[in-house]
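The following exercises concern the structure shown below.

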Amino acid sequence: MGKLWCTFGAILAVLGLPLLKEQNSPYILLSILGVMAESIVAMAVYVTVIEKKYRKKP
């Protein structure tokens, strides 16, 4: 869980860089779509990899 969180934070910081340059930059769309995709991938990794490890089997 810690590795996923650190990776998520690093990618989020990189995707936020276009917001620091110009106010009306077209790269802001890349930032928004990238954060959305990153969140979906993080949820998928959590459900398929991390949760499977700790789920109790009947």
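**Exercise 1.** Determine in which order the elements of the chain run from the N terminus on.

*Solution.* The model under study is a predicted one. Read from the N terminus, the order of the elements is α-α-α.

**Exercise 2.** Determine how the axes of helix α1 and helix α3 are arranged.

*Solution.* Two packed helices are described by the angle between their axes and the distance between the axes. Begin with the distance: the axes of α1 (residues 2-15) and α3 (residues 27-54) come within 10 Å. Next, take the angle, as these axes cross at roughly 170°. Angles over 145 degrees count as roughly antiparallel. Therefore α1 and α3 are roughly antiparallel to each other.

**Exercise 3.** Identify residues by which α1 and α3 meet, and classify the contact.

*Solution.* On the side of α1, the residues include Leu4, Phe8, Ile11 and Leu15. On the side of α3, they include Leu30, Val35, Glu38, Ala42 and Ile50. By class, the contact of α1 with α3 comprises eleven nonpolar, four polar and one charged residues.

**Exercise 4.** Compare the radius of gyration of the chain with that of a compact globule of 58 residues.

*Solution.* For a compact globule of 58 residues, a value near 10 Å would apply. The chain, however, has 15 Å. Its C-alpha atoms fill a box of roughly 55 × 15 × 10 Å along the principal axes. Of the 58 residues, 16% count as buried.

**Exercise 5.** Is Asn24 buried or exposed?

*Solution.* First locate the residue: Asn24 lies in the loop between α2 (18-21) and α3. Its relative accessibility is 73%. The cut-off for exposed is over 50%, and Asn24 therefore counts as exposed. Finally, the C-alpha atoms of Asn24 and Glu38 are separated by 23 Å.

Definitions and conventions. Residues numbered from 1 in each chain as written. Predicted model: local features only at pLDDT ≥ 70, side-chain atom pairs only at ≥ 80, totals over all residues. Heavy atoms only, no water. Axes fitted to C-alpha atoms, helices over the stretch in contact; angles between N-to-C directions. Helix = DSSP H or I, 4+ residues; strand = E, 2+ residues; numbered from the N terminus. Parallel < 35°, antiparallel > 145°, perpendicular 65-115°, else oblique. Contact = heavy atoms within 4.5 Å. Nonpolar A, V, L, I, M, F, W, Y, C, P; charged D, E, K, R; others polar. Rg over C-alpha atoms; globule rule 2.2 N^0.38 Å. Buried < 20%, exposed > 50% of the residue type's maximum accessible area, 1.4 Å probe, protein only.
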